[in-house]
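Here is a protein to look at. Some questions about it are answered below.

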Amino acid sequence: MPERPQLHFPSPYLLPTAHLAAARLVPMADGAQIAAFAYVPDAFAHTADAELADAAAQMPDPVLMLHGNGEEHGIFGQVIDAVCASGRPVVAVDSRAQGKSTRGTAELTYELMADDALAALAALGFGKAHLLGFSDGAIEAIIIARDHPELALSLLSIGANLSPDGVDDSFQMEQAAQGLLAWADYWEKGDGSHRNVDPSLVSPTPKEARTTAELLHMMVVYPQIDPAGLSQIACPTTVMAGEFDEIKREETDLIHVSIPDSRLVIVPGAGHVLPKEAPEHVVREALATIAMA
């Protein structure tokens, strides 16, 4: 039997407690259902889902928060709460095949997930947004700011990379993906399939293992972003990473110098998962970047 793999899930974190005004599934053309959530300040706590589009016109522009690979939007819990406490709403998205969102049939790419996020933003009644992305979500936010400058009011990129080579070699993504696939194959069509075992009761299930493997493999082949194209980003931008980030420092520096007039913030002593490790730093830089818009 293959070694039991660990799913690509983060360790515990604090979920948001801000008022949840809307949570809905947004259908995409390939059949995916994208889970979109709107958190609002206390002044709008009476807002019901059906009224959100009308209330959106009375609120400041939202912060669109996009999470990392294998996560869900709740990893921004403390950041969501702080932004809402500042008087600004938050739109948070579970990226496809993660959290409460479904997979669909299209090839998983960061461009596809960026389009999903914009569809979710519009479905909740918002137009422009301040972008806050972490890891994979930061890649998506960069793509949005580059390709849709009319929608991007500001950008906070946390732990992004422009190509797979920008990730530290110690992060063995393809090896982990192959282990997950071997586990799924064992229970679905290998020796494990002949046991008196219901594969849906195995942990992780073959379906969970395959989905996680696909998400990890995406990071092996994507993104493929030309740094020259980042010169098109015109909104106020902060590029952020941890001192001991899994993203190579030269990659973070490349993003910084490629985006005109961007700020660079390196958090001392921190690793990659800044929304969980250093939420107070993320909140401070998010509000500072928004104030520049």
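The questions go from the whole chain to one residue.

This is a predicted model, in which local features need pLDDT of at least 70, side-chain atom pairs count only at pLDDT 80 or more, and totals for chains, interfaces and linings use all residues. Residues are numbered from 1 along each chain as its sequence is written, and side-chain values use heavy atoms, with hydrogens and water left out.

Reader: How many helices and strands does the protein have?
Author: Helices (H or I, at least four residues) and strands (E, at least two) are DSSP runs, numbered from the N terminus. By that count the protein has nine helices and eight strands.

Reader: What is the radius of gyration of the protein?
Author: The radius is taken over C-alpha atoms, and the globule rule is 2.2 Å times the number of residues to the power 0.38. For 293 residues the rule gives 19 Å, and the protein is close to that, so it is as compact as a globular protein of that length. Its radius of gyration is 19 Å.

Reader: What percentage of the residues count as buried?
Author: Buried means under 20% relative accessible area, exposed over 50%, partly exposed in between (1.4 Å probe, protein chains only). Of the 293 residues, the buried share is 54%.

Reader: Is T109 buried or exposed?
Author: T109 is found in the loop between β4 (90–94) and α3 (110–123). Its relative accessible area is 13%, so T109 is buried.

Reader: Which residues does T109 touch?
Author: Contact means heavy atoms within 4.5 Å. Leaving out residues up to four places away in sequence, T109 touches M218 and Y222.
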